[in-house]
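Morning, everyone. Let me put the model up, and we'll go through the aromatic residues and then the pocket.

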Amino acid sequence: FIYQGLISSERGIDNFLEAFKELPSNKHIVFMGFGESVSNVKEASNTYKNIHFHEAVPYKEISRYSSGADVGLSILLNSCLNHYFCLPNKLFEYIISGIPVIVSDFPDMKDVVATNNLGWTTQPDVNSIRELIMGITIKDVKRKQEMVIQNRNKFSWEHEEMFIPQIFNFKK
């Protein structure tokens with residue numbers, strides 16, 4: 001599993017740490033990024049063999065790192081309407097990288113992931129995250145990954161840019 005981006009409590013980092021502390025040693029998470037909670041992640045990585053930290057990498061390299069993971073995590077806490085109704089870039093970065101995702105069970109993220117069978121949704125609390133990850137098998141990951149690969153072009157900039165003239169009512 002990989003989490004990339006801002007490493008802060010509002011992004012569910014504390015919940016990820018607590019969940020992975022109690023997961024079997026074959027369920028690993030890599031936190032890649034920067035932020036206020038990096039010290040918590042580093043401390044946990046010194047204690048738990050399945051929790052890892054990697055410094056942030058240049059934007060152009062993110063996809064290369066993400067594609068080496070099995071599942072991407074984009075779970076936000078319901079701390080404001082912006083989080084509840086967002087579609088984070090991270091979600092689409094994982095999809096373009098060819099890996100399934102776990103997202104918060106919020107309307108818009110759930111719609112993208114569930115409608116296209118690109119991963120899993122969960123409530124952002126520790127128990128829900130832990131239970132979901134505990135139940136995911138490599139077979140499940142491979143099935144979801146096939147769907148991601150079949151559908152990822154649908155979420156690329158190259159696909160989306162053709163709709164801009166329609167949105168703004170101008171001719172290309």
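Phe 16 and Phe 31 are both buried. Buried means under 20% relative accessible area, exposed over 50%, partly exposed in between, with a 1.4 Å probe and protein chains only. This is a predicted model: local features need pLDDT of at least 70, side-chain atom pairs count only at pLDDT 80 or more, and totals for chains, interfaces and linings use all residues. Residues are numbered from 1 along each chain as its sequence is written, and side-chain values use heavy atoms, with hydrogens and water left out.

How many aromatic pairs does a search of the whole structure find? Six. Rings of Phe, Tyr and Trp (its six-membered ring) pair if their centres lie within 6.5 Å; planes under 30 degrees apart count as stacked, over 60 as edge-to-face, the rest as tilted. One of the six is Phe 16 with Phe 31. That pair is tilted, at 6.4 Å centre to centre and 40° between the planes.

Next, Tyr 84 and Phe 106. Their ring centres are 5.1 Å apart and the planes sit at 45°, so this pair is tilted. Tyr 84 has 27% relative accessibility, so Tyr 84 counts as partly exposed. Phe 106 has 3%, so Phe 106 counts as buried.

Now the largest pocket. A pocket is an open set of points on a 1 Å grid over the protein atoms alone, where a 1.4 Å probe fits, with protein on both sides within 12 Å along at least five of seven lines; lining residues have an atom within 4 Å of a point. Here 21 residues line the largest pocket. Nearest its centre lie Gln 4, Gly 5, Leu 6, Lys 90 and Glu 93.
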